[in-house]
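The entries follow the structure below.

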Amino acid sequence: MRRLIIALLVLFVLVIGVAVLAPALIPTDLIRDRTQTAASQTLGREVRLSGDIRLQILPQLQVRAQNAEIANAPGFGEAPFAEMQEMRVSVALIPLLSRQVEIEEFVLVEPVIRLQSNARGNNWTFGTGAEQTAQTSSSEGFRRQPGALPFDASFGDVRIQNGAVYFEDGSQSRRIEALDLTVELPSVDDPVGLRGSFEADGRPMTFTIELGSLRDFFEGRETPFLTTLNGPLADLTLEGRFLESPELAYEGEVDVTLPLRALARYLGADLPDGDIFRQFSARSDLSGEPGIVRLRGARVQFDDVAANGDLTLNSAGARPRITGNLSTALLDLTPYIPADSAPQAGHNANSGVSQWSDEPIDLAPLRTMDSELTIRADELKARDIEISDVTALITVDQGRMTARLNRFQLYGGLGEAVAVINARSNTPSFSFNASLDGLEAQPFLLAAAQFDRLIGDGGMSMDLTASGASPAAIMNSLSGTGRFDFTDGALRGVNLAQMIRTIQTALQNRALPTAFADTEQTDFSSLGGSFTITNGVVRNTDTTMLSPLLRVLGNGEIDLGGQSIDYRLTTRAVQSLAGQGGELDLQGLEVPVRLRGGFNSVSAGIDFEAVARNLLRQQAGRLIGGQIGDSGDGQEPASPEDVVRGLFGQLLNNARNDDDGAADEPTDGGDDDGDTPN
């Protein structure tokens with residue numbers, strides 16, 4: 001018995017001695033070659049261990065390797081896919097005999113991973129030939145299943161020191177640096193904790209991840225979790241549970257705040273300037289699975305817009321896609337509409353004509369995400385335009401946005417509209433189709449165009465298209481058609497009946513009649529017409545205004561691109577109107593009025609030459625008809641030659657009176673060139 005005990009003690013000493021001496025007896029190059037070969041065959045990439053390698057068996061199994069590299073995939077450059085300055089792994093030896101893994105140390109020092117993608121694929125899919133193709137095309141992904149962790153394990157010192165992850169796809173790049181990570185894992189059946197920090201393009205972020213049990217998670221049982229992310233790119237708290245399922249299905253609650261400008265810059269996009277796109281925040285119940293996030297009963301804040309509803313984010317496709325519905329009390333779009341441009345350098349301030357801006361409109365956000373959202377708003381504002389009870393369906397598909405507004409209330413009427421912004425190409429295109437019925441003209445036109453001269457109820461429709469990258473290009477390319485019809489209203493700023501009554505005095509003085517003033521107006525029973533727009537120029541030839549005393553026809557052009565107007569109104573009395581002093585019946589007389597100038601300095605002028613010709617024709621007809629037929633006083637009727645001679649004599653006397661002191665030049669600035677509008 002004594003000899004047996006001595007023999008066992010000797011054997012134990014020999015085993016311990018071999019374990020101690022083995023690392024010294026096994027050549028380092030042999031360990032290196034075997035490790036590199038096995039790792040290269042497993043990954044399908046060349047693995048290089050160019051630094052020192054140390055192996056220790058007692059008191060624990062320990063391996064140290066320095067300057068390890070994993071080669072990049074073909075076509076992705078010479079820099080290695082991954083490299084690290086040092087890796088240290090220590091495993092308790094005795095527990096391994098009972099299939100229990102106790103990792104006492106697992107430390108990666110300065111690891112660097114370079115992720116790349118291009119048209120041929122990516123560099124993080126490992127394998128060779130058919131294996132790589134199968135991995136890329138497989139739709140199964142990670143699956144949780146019983147028996148996934150058939151061992152016990154515990155972790156001691158598990159850390160990543162000063163790591164880095166770089167991503168590049170040819171159009172954008174991301175950098176995560178200064179990555180420090182600590183793992184707390186007493187066993188695979190106990191709660192897991194990960195805590196760390198990193199810098200995202202120089203922005204410091206901190207994070208925590210807590211998991212109820214590593215074994216429950218891998219084997220498909222219900223597992224609680226908590227995740228936080230804090231820093232200048234996001235503030236996120238996500239708490240919930242992974243459901244009992246093979247997939248990573250989950251549910252819980254989320255509270256997130258995203259500073260949009262900083263996040264957009266990190267993602268490679270610059271948002272438009274101004275006090276917009278500042279922040280997005282949401283608190284909501286949460287559920288989903290890989291690639292899909294659902295928000296239910298979400299309370300959303302986007303800048304100053306607060307809304308409630310349900311949203312779904314699908315990130316499994318080429319671009320993220322968001323769908324759902326939101327309701328809000330007030331949707332104010334005014335901050336997101338490009339401001340009117342001030343006159344540019346070289347503008348003649350005296351001309352009254354400003355210019356549209358040539359600064360490009362940034363539509364890049366439309367190309368970053370697709371959407372299909374239904375938005376309901378009690379009130380929608382776009383600058384001074386206010387719309388009530390709006391339901392808008394907004395879709396974005398590969399940079400093309402369509403907004404449909406169905407049966408909204410607008411200034412006493414009902415309307416429908418469809419707007420399209422297509423930013424798929426370098427030159428964006430736009431379209432707008434709208435119809436409005438029962439509209440109160442004055443408040444609508446005042447809000448839409450700062451024009452308050454038209455009073456009445458009616459409707460209008462338009463179908464417009466445009467293209468261009470700047471407001472100037474858009475307005476100069478605008479084309480389309482439209483029409484308008486209003487009833488029982490008035491045209492403020494002019495009394496056309498009074499203008500005709502005083503036209504004789506105006507003709508002699510070459511000055512605008514007193515009928516033009518802010519306190520004057522012309523009532524009408526109907527006002528309507530149509531228009532076409534070509535390259536930013538609105539043309540109208542059929543405006544008709546009817547009233548008990550007058551008929552008014554209008555035609556002309558409004559240059560939206562050049563911000564100028566040249567328009568002609570022809571007014572005719574259809575009832576008997578006595579001229580000033582009652583000496584002339586002006587029924588049937590046509591008086592052309594011409595409006596022209598810049599949007600900020602429209603001038604009105606009367607075509608006096610045309611009025612004189614009209615008066616001559618009118619009086620000639622009446623005198624010929626009366627004097628040739630019967631003089632009325634017992635005298636011989638005048639011959640046509642005498643009548644014409646007398647009319648011309650009267651006109652010559654008027655002209656002589658003008659030469660003796662009457663004002664010859666028009667005071668309106670509208671027709672001083674003597675041109676008669678067509």
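I set the exposure terms before reading any residue: buried means under 20% relative accessible area, exposed means over 50%, and partly exposed is in between. The model I am reading is a predicted one.

Entry, tyrosine 336. I looked up its accessibility and found 26%, so I put tyrosine 336 down as partly exposed.

Entry, aromatic pairs. I counted ring pairs and got 9 aromatic pairs. One of them joins phenylalanine 277 and tyrosine 336: the ring centres are 5.5 Å apart and the planes stand at 75 degrees, so I logged the pair as edge-to-face. I then checked where the two partners sit. Phenylalanine 277 is in the loop between α5 (260-266) and β15 (279-289), while tyrosine 336 is in the loop between β18 (321-332) and β19 (370-382). The two are 59 residues apart, and the pair links distant parts of the chain. I also noted a cluster in which ring pairs link Phe217, Phe218, Phe225 and Phe242.

Entry, charges over rings. Which ring does the charged end of arginine 45 sit over? I found the ring of phenylalanine 81, with 5.5 Å to its centre. I also recorded arginine 174, which lies over the face of tyrosine 266 at 5.6 Å from the ring centre.

Entry, glycine 562. I placed glycine 562 in the loop between β28 (550-559) and β29 (564-573). I checked the distance from glycine 562 to methionine 475: C-alpha to C-alpha they are 8.7 Å apart in space, and they are 87 residues apart in sequence.

Conventions:
Residues numbered from 1 in each chain as written. Predicted model: local features only at pLDDT ≥ 70, side-chain atom pairs only at ≥ 80, totals over all residues. Heavy atoms only, no water. Phe/Tyr/Trp six-rings, centres within 6.5 Å; stacked < 30°, edge-to-face > 60°. Helix = DSSP H or I, 4+ residues; strand = E, 2+ residues; numbered from the N terminus. Buried < 20%, exposed > 50% of the residue type's maximum accessible area, 1.4 Å probe, protein only. Lys NZ or Arg CZ within 6 Å of the ring centre and 35° of its normal.
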